[in-house]
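Hi,

Here is the structure we talked about. Please take a look, then read my notes on its salt bridges below.

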Amino acid sequence: MHYRHFSNMRKTAKKMRVLRRISILRGNISLPQSEQRCIVILPPNTAHVQNENAVFGLALDSTLKVTPVGYTVLHLATLVEESEGGHLDHAVLQRALHSLLTASSTSSESKNDAVSPQELFHVT
């Protein structure tokens, strides 16, 4: 019957998982000093990130009372395909973080800020 077609689709379908990375940064993601909370979206196939799906980010700082002054918490998330054995490609969020920090460093230099953001700790 028709059910056989659907069972074959289920066998060939990719298993997608949500991949998360939470980073503690010294410094701020390039925004005005007065407000350091933002949402970041990197569309699929962003240069140097090599992401198949969009990467979503949320940056929170001391204005929300979640970090000491001069620090930022950055949450990143994306969908990735689970490979054989349940392994996930965590490098995609590492590349996304590197891309954001590079862009923020460039922006900080143009604004003559003393501190460009750097990651102190992360958990995946």
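**Salt bridges**

Arg 17 and Glu 82 form a salt bridge through their side chains, at 3.6 Å from N to O. Keep in mind that this is a predicted model. Arg 17 sits in strand β1 and Glu 82 in the loop between β4 and α2, so this pair ties together parts 65 residues apart in sequence. Arg 17 is partly exposed, at 35% relative accessible area. Glu 82 is buried, at 17% relative accessibility.

Glu 82 has another partner. Its side chain also meets that of Lys 15 in a salt bridge, at 3.7 Å from N to O. Lys 15 lies in the loop between α1 (3–12) and β1 (16–26), and Glu 82 in the loop between β4 (71–81) and α2 (91–110), so parts 67 residues apart in sequence are tied together here. Lys 15 is exposed, with a relative accessible area of 54%. Taken together, Lys 15, Arg 17 and Glu 82 make up a network of salt bridges.

Next, Arg 21 and Glu 119. Their side chains meet in a salt bridge at 3.0 Å, N to O. This pair links distant parts of the chain: Arg 21 is in strand β1, Glu 119 is in strand β5 (residues 118–123), and 98 residues separate them. Is Arg 21 buried or exposed? Arg 21 counts as buried, at 4% relative accessibility. Glu 119 is partly exposed, at 24%.

For the overall count, a search of the whole structure finds four salt bridges. The ones described above are among them.

Best wishes

Technical notes: Residues numbered from 1 in each chain as written. Predicted model: local features only at pLDDT ≥ 70, side-chain atom pairs only at ≥ 80, totals over all residues. Heavy atoms only, no water. Helix = DSSP H or I, 4+ residues; strand = E, 2+ residues; numbered from the N terminus. Buried < 20%, exposed > 50% of the residue type's maximum accessible area, 1.4 Å probe, protein only.
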